[in-house]
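Subject: Structure for you to look at

Dear colleague,

I am passing on a structure that will be new to you, with a summary of what was found in it. Please open it first and keep it at hand while you read on.

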Amino acid sequence: MLDKQSAIPIYVQIEDYLKEQIAQGVYPVKSLIPSERELTDMFGVSRMTVRQSLTNLVKDGLLYREKGRGTFVAEEKMEQPLNGLTSFTEDMKERGFTPGTKLISFSQIHPDPQIAARLGLSSEAVVHKVVRIRYADDTPMAIERSYLPVDLFPALTEEALQGSLYAFIENKEKLVIGQATQRMEAALAKTDDAGYLQIALPAAVVLIERVSTLEDGRIFEVVRSTYRADRYKFISEIGR
Ligand code: GLP
């Protein structure tokens, strides 16, 4: 299985072998892979080498470790297109998951200067601040902190926020959503967010800020979302 003469390091060959086995379904999602000792025997290499391969695969998100239980095959990441102005609810349905929402808080606040500037409002304005955990089936995928002008949505209720915000805007408020700007960056999860997302620290997350406008140009939301980096990859179509 291994080519000791090859210029490809042994630990990389082991990684490739395990990737292939996972791709072929020899080790299905959530199944236990052989232990370090078993792999060491199987390949006739040092335990250090096997450990390096496994650590790399864990870092790449293909495997995950559970203390005292072993190393398992991770679920495939969700592919999230960056091109469309879709809602979380639509994204999940599109992929065959049941979207879920847990409303953590819903309050009316004066926005901090940065949020106010993004919304094109003064800090004296009142905005809804909505914090929601979003689920795919029962798995927490993201936390969304949304800021919406109260003037635009005086009728926004807790009940509406249990479902799709975009459905509320389009179907109840009869407003037409236009376009958005998104900013994306990598970060480490904060303690409270790791708790909401049920991930162990330290954990990588992807932060996306979306500023969206209605068709008539009015800014209707600033949303700061924290996505699990172990569950998401992002794709965009690009041309030239
Ligand atoms: C995505 C976006 C948010 C948007 C939300 C609406 O998750 N990142 O900016 O507010 O969708 O989703 P829904 O209509 O399901 O509440």
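For the classes used below, Ala, Val, Leu, Ile, Met, Phe, Trp, Tyr, Cys and Pro count as nonpolar, Asp, Glu, Lys and Arg count as charged, and the others, Gly among them, count as polar. Please bear in mind that this is a predicted model.

The largest pocket has a volume of about 940 Å³, and of the 27 residues that line the largest pocket, Leu63, Tyr64, Ile199, Arg228 and Asp230 are the closest to its centre. Helix H3 (47-59), strand S1 (63-66) and strand S6 each contribute at least two residues to this lining, and S1 gives the most, with four residues. Domain 1 (10-73) and domain 2 (78-235) each provide at least three residues of the lining of the largest pocket, which by class holds 13 nonpolar, four polar and ten charged residues.

By class, the lining of the second largest pocket divides into eight nonpolar, three polar and nine charged residues.

Now to the charged pairs. Side chains of opposite charge can pair when their charged atoms come close.

Arg231 forms a salt bridge with Glu75, with the closest N and O atoms 3.5 Å apart. This pair links distant parts of the chain, 156 residues apart, with Arg231 in the loop between strands S9 (219-228) and S10 (232-235) and Glu75 in the loop between strands S2 (70-73) and S3 (78-81). Arg231 is buried, at a relative accessible area of 7%, whereas Glu75 is partly exposed, at 31%.

Asp193 and Arg145 meet through their side chains in a salt bridge of 2.7 Å, N to O, which joins helix H8 (residues 191-197) to strand S6 (residues 139-149) across 48 residues. Asp193 counts as buried because its relative accessible area of 6% is under 20%.

Arg69 pairs with Glu66, the closest N and O atoms being 2.4 Å apart; Arg69 is exposed at 53% relative accessibility, and Glu66 is partly exposed at 30%. Finally, Arg118, Arg183, Glu209 and Arg224 are linked in a network of salt bridges.

With best wishes

How values were computed: Residues numbered from 1 in each chain as written. Predicted model: local features only at pLDDT ≥ 70, side-chain atom pairs only at ≥ 80, totals over all residues. Heavy atoms only, no water. Salt bridge = Lys/Arg side-chain N within 4 Å of Asp/Glu carboxyl O. Buried < 20%, exposed > 50% of the residue type's maximum accessible area, 1.4 Å probe, protein only. 1 Å grid on protein atoms, 1.4 Å probe; cavity = no way out; pocket = protein on both sides within 12 Å on 5 of 7 lines; lining within 4 Å. Points joined across faces, edges and corners; volume = space filled by probe spheres on them. Domains from an automatic or database assignment.
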